[in-house]
Amino acid sequence: MQQFQSKRGAGLGLKRELIPQIQAQFGKKEIAAIDFLEVAPENWIGAGGKAAKQLAWFTERYPIVCHGLSLSLGGPDPLNIPFLHQVKHFLDAHQIPLYTEHLSYCAAGGYLYDLLPIPFTEEAVHHLATRIKQTQDILERRIAVENASYYAAAPISEMDELSFIKAVLEEADCDWHLDVNNVYVNSVNFGFDAKAFLQNAADAGLGGRIVYGHTAGHYEEAPDLLIDTHGATVIEPVWDLLSDVYHLFGKFPTLLERDTNIPPLLDLMPEVEHIAMLQNSK
Amino acid sequence: MTALKDYLMAFTRHIRDPQNASPPEGVSERGMAVYTEIVFNNIDSSVSACFPVLKKVLGEDIWLGLVREFFIQQPCATPIFREIPEAFLAYINRVSGLPPYVQNLAHYEWVELYLAYADETIDWSQIDTEAYLLDYPVAFVPAMTLLSYDYPVHQISPENIPASPLETPVSLLVFRDADDEVKFVELNQMTAALIEDLQDVQLSARQALIGIASAMAFDDVDAIVDFGFELLRDLKSQGAILGVLNTNHD
């Protein structure tokens, strides 16, 4: 675990398609740039059989980060306390220090299994902060929350996205999981300057809260509508943003997300190596 | 309800049922359409992956209608993605108007996923893999289920849709073997009854077989024991039986 708690590292999401490939290449220089792996606890909690054996294989060999999808921190349904206890047990059993979730929701009258946008209102700030604090209490650790991508602005919003993120992070006193692709996607979808957004985040003193990062590719449905599919190669402007981010905030462990349209492992490695290269450059 | 909850509930009601529930006022139509599409596609692909035969025999239109109704009608209580098909199965079991074989077929397709991930571990310290199978309680694999269906679920395809239930239900033993492969074995009624009795861990296989012979008022006990022994050997070679339970018999 000490390896992960260092200030850097390039990671890759542990997708089922990639498991046998990583096992086959383990220890070889072709995948040496992978410092850690990330799992969604929702895919592994309570899973026996082959899945349990695979997870054990990876936890013995790599630092693991948990990135949750189903907690629905911003949602109207009650926080799922039994599930949080399962997450706690999972983190403890596999000695996983970091758990991150999203500034979004996925349950409203039952689960919808996707990340849905929270209006940027005072009420939402308090609602999220309360539930993040409750989560941190149950998990007995700080968590980090990720800035989410979205496609439909809420007419009831009362502030801009950065003010909202800042208010939640400070009221909840939690860490920030910075997703640079999401900043880019939102900047295109809602017409703001991504670089200015990050500079403002630095000016607002949020740098100290960043513990973890994501980068990914997306799909361009229209010039002014990007969909955060994690199904394509990271584009150059997003790499530029990641480089800016490291200059503004310092280095932090960063993961390449690839969830759809997954190519062979070795075709993903140049992007993992790109993260490592940015972390190692001055 | 608060303004936030009002908004989130209206937003998600529209995602679930875009035909009948209006989106919150003032939300961009294009942005809303992204959500209605990706959320439904996500649910559909999760359910489709578990029920490929059911989807094929019902056809695309009926299938999509069924998934949509499921999404509207059945609130999913599980945060675990692989449990979505189980919620769909529960929906299938309470909805009316589907062909009569659908519930059996859906269960049969779901049970493979269920056993593949069942949180069961083989405790080898309790199992003797070499001992004579008749003298001790039998050690089955822990992830195993004995099923009986009114329709020939394992033979259904678009070209082979059952018109009526079977005269004798079909029995299937479904289990995850020591190499984590899920296997299906078709059984006759007699064998299914035997396996049910052999799962009693208090009895040696021979005792269970003698009990069965007596319950059937069958005089030739040796024939039943011989039959049972062949069955045990066969199930062991197929991976459903690992050996006998280790009861300090050395």
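A:Lys50 forms a salt bridge with B:Glu181, and the closest N and O atoms are 3.4 Å apart. A salt bridge here is a side-chain nitrogen of Lys or Arg within 4 Å of a carboxyl oxygen of Asp or Glu. Between chain A and chain B the count is 3 salt bridges. The model is predicted: local features need pLDDT of at least 70, side-chain atom pairs count only at pLDDT 80 or more, and totals for chains, interfaces and linings use all residues. Residues are numbered from 1 along each chain as its sequence is written, and side-chain values use heavy atoms, with hydrogens and water left out.

The contact (heavy atoms within 4.5 Å) takes 48 residues from chain A and 41 residues from chain B. A:Leu112, A:Tyr113 and A:Glu123 supply 18% of the area that chain A buries against chain B, more than any other three residues. The area buried between the two chains is about 3700 Å². Carbon and sulfur atoms give 62% of that area. Buried area is the accessible area (1.4 Å probe) that two parts lose on being put together, summed over both.

Helix H3 of chain A (residues 49–61) also holds A:Gln54. Helices are DSSP runs (H or I, at least four residues), numbered from the N terminus. A:Gln54 counts as buried because its relative accessibility is 18%; buried means under 20% relative accessible area (1.4 Å probe, protein chains only). Leaving aside neighbours within four places in sequence, A:Gln54 is in contact with A:Arg16, A:Ile19 and A:Trp44.

Terms used
Chains are lettered from A and ligands numbered from 1 in the order in which they are written. Helices (H or I, at least four residues) and strands (E, at least two) are DSSP runs, numbered from the N terminus. Buried means under 20% relative accessible area, exposed over 50%, partly exposed in between (1.4 Å probe, protein chains only).
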